[in-house]
Amino acid sequence: MRNRLELKKITRSFEDGGTERTVLDKLDLEVAECELVAVMGPSGSGKSTFLSIAGALLEPTSGDVLLDGESIFGKTKQGLSELRLRKIGFIFQSANLVPYLKVKEQLLLVAKLSGMKKAQTVERAKELLDRVGLSHRLNAYPEKLSGGERQRVAIARALMNDPAVLFADEPTASLDASRGLDIVSMIAKQVKLQRKSAVIVTHDERVLPLCDRVLFLEGGKLIQK
Ligand code: ADP
Ligand code: MG
């Protein structure tokens, strides 16, 4: 199966009081289509740095990221932002919905930003919201939704641009245990159904059985234990 995400020898250092501190050290990762990978590690181990680089939000000091085989190397700021819109879906810890947009409009905004043809977008938004069990909430504003419902909107929104890879940074942190399991099983299901790759950073051991691989960020690398 093809890899929809590859990280090759990713190194990232930060300046720390006059000295360089290496957070990621020649980190390699390949994620195949239909594969959901969990990443764990203590606070400060570099998980957010890793996720930002893999999601083309932050540049590595060296190394390359390939999304569907397309390298981020040498791209302009605009080129990177186009690549992000085409290839990446992000789900954050708190859903980060736009407060003044209705549920379906949250998805339509993504469609607009990524230049999708308007004719298909309303149908696609409805279909995705139906898949996460929200067809009855299309016209609700975020403040009327529960935490779990908001995360489900965030999942549908992340899928709207048909990305190669889904990234989630602690998507269950603001939810109770059973809602957390719901959310990760929904992510897992969409990854299989739509042949995507996904990486979730999590502290939540209960969701690990839903993931295909569990990796630990240690010493700047991802290790399978
Ligand atoms: P985690 O998400 O695992 O808690 P982070 O990736 O946020 O870890 O941070 C890893 C390390 O890199 C921390 O020591 C943090 O202080 C440092 N770091 C992260 N971003 C920056 C930055 N922009 N400037 C300087 N140091 C940073
Ligand atoms: Mg973090």
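Mentor: The following conversation sets values against definitions. This is a predicted model, in which local features need pLDDT of at least 70 and side-chain atom pairs count only at pLDDT 80 or more, while totals for chains, interfaces and linings use all residues. Residues are numbered from 1 along each chain as its sequence is written, chains are lettered from A and ligands numbered from 1 in the order in which they are written, and side-chain values use heavy atoms, with hydrogens and water left out.

Trainee: Why is Glu 35 called buried?

Mentor: Buried means under 20% relative accessible area, exposed means over 50%, and partly exposed lies in between, with a 1.4 Å probe and protein chains only. The relative accessible area of Glu 35 is 15%, so this residue is buried. Glu 35 lies in the loop between strand S2 (19-32) and strand S3 (36-40); strands are DSSP runs of E with at least two residues, helices are runs of H or I with at least four, and both are numbered from the N terminus.

Trainee: What makes the approach of Glu 35 to Arg 213 a polar contact?

Mentor: A polar contact is a pair of N or O atoms within 3.5 Å; within protein, one must be able to donate a hydrogen and the other to accept it, and residues adjacent in sequence count only if both atoms are side-chain atoms. The side chains of Glu 35 and Arg 213 are joined at 2.8 Å, and a polar side-chain atom of Glu 35 also lies 3.0 Å from the backbone nitrogen of Ala 32.

Trainee: Why does Gly 89 count as buried?

Mentor: Its relative accessibility is 2%, so Gly 89 counts as buried. Gly 89 is found in strand S6 (residues 88-91). Leaving aside neighbours within four places in sequence, Gly 89 is in contact (heavy atoms within 4.5 Å) with residues including Ala 158, Pro 163 and Phe 167.

Trainee: How many aromatic pairs does the structure hold?

Mentor: There are two aromatic pairs. In one pair, the rings of Phe 90 and Phe 92 have centres 5.4 Å apart and planes at 10°, so the pair is stacked. Rings of Phe, Tyr and Trp (its six-membered ring) pair if their centres lie within 6.5 Å; planes under 30 degrees apart count as stacked, over 60 as edge-to-face and the rest as tilted. Phe 90, Phe 92 and Phe 167 form one aromatic cluster.

Trainee: Are Phe 90 and Phe 92 buried or partly exposed?

Mentor: Phe 90 has 15% relative accessibility and therefore counts as buried, whereas Phe 92, at 32%, counts as partly exposed.
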